[in-house]
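Q: I have a structure open and would like to learn how to read its features one at a time. Could you walk me through it?

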Amino acid sequence: MTTEADKTTEVLTESQYRQYLIRTLEIAEAELGSDIPVSTLLIMLKLNGKGATPMTQVTKSSGLSPAGASRTVSTLAGFAKANRREIKKPYVTMVDDEVDRRYKMIHFTDYGRQFVDRMLSVVY
């Protein structure tokens, strides 16, 4: 399935894409702090529009190790500190899979969805 982020990159020139990335990072920096890892943004953009996503899929699509993806999602969920400061509102929630509790499902919160929408709005 093609996400909004994928569609966006398909219609931009290389120069427009660079400007889009820079503006997206500026929005993320203002929200999350100056040392925001690109992996965090990548995970948020990959989750966009997918509804509940298994943690294993987040790991696979982000290219991070399972531990790295878990740390990033935990930070977005507010369980860990981002850049040495607390996240006031969680961007995602993690819940046990209904079929197999060993697996975690990742959902955007309304706040997280609004944040991604702001990042994606820079091209429109």
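Q: Let's start with Arg-101: is it buried or exposed?

A: Happy to begin there, with the reminder that this is a predicted model. A residue counts as exposed when its relative accessible area is over 50%. Arg-101 has a value of 62%, so it is exposed.

Q: Which side chain does Arg-101 meet in a salt bridge?

A: The idea is to look for a side-chain nitrogen of Lys or Arg within 4 Å of a carboxyl oxygen of Asp or Glu. Here the partner of Arg-101 is Asp-96, with an N to O distance of 3.3 Å. Asp-96 is partly exposed, because its relative accessible area is 28%.

Q: How many salt bridges does the structure hold?

A: There are four. Another of them pairs Asp-100 with Arg-102, at 2.6 Å from N to O. Arg-102 is exposed as well, at 68% relative accessibility.

Q: Where do Asp-110 and Arg-113 lie?

A: Both belong to helix 6, which covers residues 110-120. They are three residues apart, about one turn of the helix, and they form a salt bridge whose closest N and O atoms are 3.3 Å apart. Asp-110 is exposed, with a relative accessible area of 57%, whereas Arg-113 is partly exposed at 37%.

Q: Which residues do salt bridges with shared partners join into one network?

A: When reading salt bridges, look for shared partners too. In this model, Asp-96, Arg-101 and Lys-104 are joined into one network in that way.

Q: Now to helix 3: which of its residues are buried?

A: Buried means under 20% relative accessible area. In helix 3, residues 38-47, the buried ones are Thr-40, Leu-41, Ile-43, Met-44, Leu-45 and Leu-47. After the helix comes Gly-49, and its phi is positive, near 75°.

Q: What percentage of contacts between residues at least 6 apart in sequence join residues at least 24 apart?

A: For this kind of reading, we compare where contacting residues sit along the sequence. Within this chain, the figure is 53% of those contacts.

Terms used
Residues are numbered from 1 along each chain as its sequence is written. This is a predicted model: local features need pLDDT of at least 70, side-chain atom pairs count only at pLDDT 80 or more; totals for chains, interfaces and linings use all residues. Side-chain values use heavy atoms; hydrogens and water are left out. Buried means under 20% relative accessible area, exposed over 50%, partly exposed in between (1.4 Å probe, protein chains only). Helices (H or I, at least four residues) and strands (E, at least two) are DSSP runs, numbered from the N terminus. Contact means heavy atoms within 4.5 Å.
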